[in-house]
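Here's a quick walk through a structure. Have a look at it first, then read on.

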Amino acid sequence: MVTRDNAPVALRLARAVDAGRLRPRHGRIDVAAIRRLTPAVERAARSIRAQHARLDAVDLDALTFPFDEVLRELAGQVGNAERAASATATAFDLLPGMLGADGPRSYLLLVQNNAEARSTGGIPGSVAVLHADHGRVRMGFQGSAADITAPVGPVPGLPPSVVRVYGDTVVSDLRDTTFDPDFPDVARVAAAMLAERRGIRVDGVLSVDPVALAHLLAATGPVTVEQQGHRVALTQANVVRALLNTTYQVLPDPDTQNDFFEATARAIFDTVMSGRGRSSRAVAGLGAGVAEHRVLLWSRHPGEQRQITGTAVSGELPSAIDDRHPQVGWYLNDAVAGKAEYYLDHQATVDAVSCRRGVQRLDTSIALSSSMPHQHSGLSDFITGTGAFAPRGTIAVNLRLYGPVGGRVAGLTVAGRPVPITVDRHEGRQVAVVPLALAPGQRVVVRARLVSGPGQTAGPVLSSTPGIRSQPNGVRTTSACD
């Protein structure tokens, strides 16, 4: 029934994408075309949601093999389809207004730099202001984090625990706002800084990173950027290396580097808004960035933000006490003051191992590996750091493990050895802090035992800092209570 009812909608949407009706043309997105498709997309989302609810109501334990396994797999597939359809419907509903169909809008664009890790990805390096009016989008002010950094007073909606856990710099230095893993908090502070320093009030904040840009370049093809003799054709294959590593080797000072980053942001923006490339690949690339939590969005308008909340682009730190899914998060913050995390790989897992009286026991781990060259003396201080905070060549990070809401961290080991648990609290969640230092070529595994909050009987959800490598985020795993 899911396929029968919604195949025509999917076909219509695919044809619209392939025909380029949703593609930007000469800097403008056709909001009327989006509005024409919106009712059909919303009907499809409601239909899939209803079928998923019917499957959820089936008592799988009452079925015999193989019917229980078949329905369990089907329920998983329909659940994935529901999340995708709901996200698409939300996007179609929001886009016209956010693109200025009902009046001009402005947004702060942050480009996070994953080579200097922060919880939500990396330090906000390049920034820009985007203006939207009846579908026409243009880029205005551009700069670096230093150009909009300003101490801000009490920020409406910012929990006091943010400053307690992460320090005063989260509200005084734009580069440190992303210590906080809650993107709506980051966005509120960044918007306040922009207003304080530049007098620019924005309707929302959008964040991307170079890996997300790589996904888009897969659709547009190469984009050439030149700055003081440094000329490079940026492609899907080299843009991450160019922006997060090579630039710090070949350009001599921060101002020149920032000029290159600004030129890159404008060139990619202009290319995307020109409509160059295949629309289907651009949509797929954007979807990949969203699924990896590399594309984040916050709206100042409460109605829009309510619709964004809970979607993959929201980036919010889950703190709802009644959520049935135990949320687990591993977040990294650089302690080198360099771009050493370009050489860091990390992979996190979570497994529900038991369920008793509506409380799950969880095992979670994160493996971190350094690919820093043993012969690193030729790397610039911009990459390795000066040695003031960690020896050159060392990747040093502060790792934070967020336990489930209302749950707790029951045990922690580093490289197989138990370590004392230093715990703080952030929005109803225990936070264990683990300082780590990896020598070139070293691999370290951190493991933890967690206890979920009461009534969290659904599958655990695992989130982590988006790194250099492409991988899913916000992954939902199997519950031990099923």
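## Ground rules

This is a predicted model, where local features need pLDDT of at least 70, side-chain atom pairs count only at pLDDT 80 or more, and totals for chains, interfaces and linings use all residues. Residues are numbered from 1 along each chain as its sequence is written, and side-chain values use heavy atoms, with hydrogens and water left out.

## Overall make-up

The protein has 11 helices and 18 strands, taken as DSSP runs (H or I, at least four residues, for helices; E, at least two, for strands) and numbered from the N terminus. Of its 482 residues, 54% are buried. Here buried means under 20% relative accessible area, exposed over 50%, and partly exposed in between, with a 1.4 Å probe and protein chains only.

Take the contacts (heavy atoms within 4.5 Å) between residues at least 6 apart in sequence: 72% of them join residues at least 24 apart.

## The disulfide

Counting pairs of cysteine sulfur atoms within 2.5 Å as disulfides, there is one. The partners are Cys355 and Cys481, with 1.9 Å between their sulfur atoms. Cys355 sits in strand β9 (residues 344-356) and Cys481 in the segment after β18 (475-476), so the bond ties together parts 126 residues apart in sequence.

The link between Cys355 and Cys481 is right-handed, with 90° about the S-S bond. Cys355 is partly exposed at 33% relative accessible area, and Cys481 is partly exposed too, at 26%.

## Helices α6 and α8

Helix α6 (residues 210-220) and helix α8 (residues 254-274) have axes that come within 11 Å and cross at roughly 45°. Axes are lines fitted to C-alpha atoms, for helices over the stretch in contact, with angles running from 0 to 180 degrees between N-to-C directions. That makes α6 oblique to α8, the label for whatever isn't roughly parallel (under 35 degrees), antiparallel (over 145) or perpendicular (65 to 115).

On the α6 side, the contact is made by Leu213, Leu216, Leu217 and Thr220; α8 brings Ile268, Thr271 and Val272.

## Two positive phi values

Which residues other than glycine have a positive phi? His293 is one, with phi near 60°, and Ala337 is another, with phi near 65°. His293 belongs to the loop between α9 (279-291) and β7 (296-299). Ala337 is in the loop between β8 (327-334) and β9, and is partly exposed at 47% relative accessibility.
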